[in-house]
Amino acid sequence: MDEYTTFLEKAKKLHGGVCAGVVMGIRMSMAAMRELGMDPAKQNKDLIVYVEVDRCMTDGVQAVTGCTLGHRNLKYNDHGKFVATFINTSSGKAIRASAKDDTCKSSHGFWKWAENLFKGNGKCEPSPTPEDMEEGVEIVSGLPEEELLVLEEIQFEVPENDIPGFPKHIATCEICNEHVMDGKELLLGGKIICRSCACKENLLKELFEL
């Protein structure tokens, strides 16, 4: 069994099936780790990955990298994009991976397939058929890497509070009295406040006198 098939089987067990998004996550991860000089078949303690979507792609990333939220080496930025940034914390090198036809609009790539499902109007109705999903898997699996992915070396400094390990800082919200780790608290109106309390409209009005 080749390396790609091994990761495909691993992702299938993790995700409960295979779709184009899972395959995209696998191929992004394998390509980016190669550029970082990392072997995905081995444990890579110096790897941190930032994903930008809470969809199937992320399970593909987890299957290849072994990174998880619980280990704090998988980070989630809620941007709704099929994008992941892979960082070798030892060398400082960072690779941003995205779908190539997201920028060049190739006629047969991942996003063109997705646009056909959504019929160009942002609504996927009716839901994709099993045949549609199989087509997506075939497209993303079969495209040469240079036609599928954009791999960019970027400057990226991992914030101190994002580094795995015990929390370096714990605060207490002055509104709900719950603890907040890893510098995620806010200082508003001279008060230490958690983000969930800060999102309450009446609190924001009180603090900023809106």
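The questions below go from the whole chain to single residues.

Reply: This is a predicted model, in which local features need pLDDT of at least 70, side-chain atom pairs count only at pLDDT 80 or more, and totals for chains, interfaces and linings use all residues. Residues are numbered from 1 along each chain as its sequence is written, and side-chain values use heavy atoms, with hydrogens and water left out.

Me: How many helices and strands does the protein chain have?
Reply: Helices (H or I, at least four residues) and strands (E, at least two) are DSSP runs, numbered from the N terminus. On that basis the protein chain has nine helices and nine strands.

Me: What percentage of the residues in the protein chain is buried?
Reply: Buried means under 20% relative accessible area, exposed over 50%, and partly exposed in between, with a 1.4 Å probe and protein chains only. The protein chain has 210 residues. The buried part is 40%.

Me: What share of the contacts with a separation of 6 or more joins residues 24 or more positions apart?
Reply: A contact means heavy atoms within 4.5 Å. Among contacts in the protein chain with a separation of 6 or more, the share from residues 24 or more positions apart is 59%.

Me: Which cysteine has the sulfur nearest to Cys173, and is Cys173 buried or exposed?
Reply: Cys173 is buried, at 0% relative accessibility. Cys173 is in no disulfide. The nearest cysteine sulfur is 3.7 Å away and belongs to Cys176.

Me: Which residues does Ser29 touch, beyond those up to four places away in sequence?
Reply: Ser29 sits in helix H2, residues 20-35. Ser29 is buried, with 0% relative accessibility. Its partners are Gly60, Val61, Val64, Thr65 and Phe86.

Me: Which helix gives the largest share of the lining of the largest pocket?
Reply: On a 1 Å grid over the protein atoms alone, a pocket is an open set of points where a 1.4 Å probe fits, with protein on both sides within 12 Å along at least five of seven lines; lining residues have an atom within 4 Å of a point. The largest pocket holds about 440 Å³ of space, and of its 18 lining residues the closest to the centre are Arg55, Phe82, Phe110, Ala114 and Phe118. H2 and helix H5 (110-118) each supply at least two lining residues. The largest share, seven residues, comes from H5.

Me: What volume does the second largest pocket have?
Reply: A volume is the space filled by probe spheres set on the grid points, which are joined across faces, edges and corners. The second largest pocket comes to about 250 Å³.

Me: Which residues lie closest to the centre of the second largest pocket?
Reply: Its lining has six nonpolar, six polar and two charged residues. Of the 14 lining residues, the closest to the centre are Gln43, Asn44, Thr65, Gly66 and Asn73.

Me: Which residues does Asn44 contact, leaving aside neighbours within four places in sequence?
Reply: Asn44 lies in the loop between H2 and S1. Asn44 is buried, with a relative accessible area of 15%. Its contacts are Met33, Met38 and Asp39.

Me: Which residues does Ala41 contact, with the neighbours within four places left aside?
Reply: Ala41 is in the loop between H2 and strand S1 (47-51). Ala41 is exposed, at 58% relative accessible area. Its contacts are Glu3 and Phe7.

Me: What is the phi of Arg72?
Reply: Most residues other than glycine have a negative phi. Arg72 lies in the loop between helix H3 (56-65) and strand S2 (74-76) and is buried, at 16% relative accessible area. Its phi is positive, near 65°.

Note on methods: A disulfide is a pair of cysteine sulfur atoms within 2.5 Å. Ala, Val, Leu, Ile, Met, Phe, Trp, Tyr, Cys and Pro count as nonpolar, Asp, Glu, Lys and Arg as charged, and the others, Gly among them, as polar.
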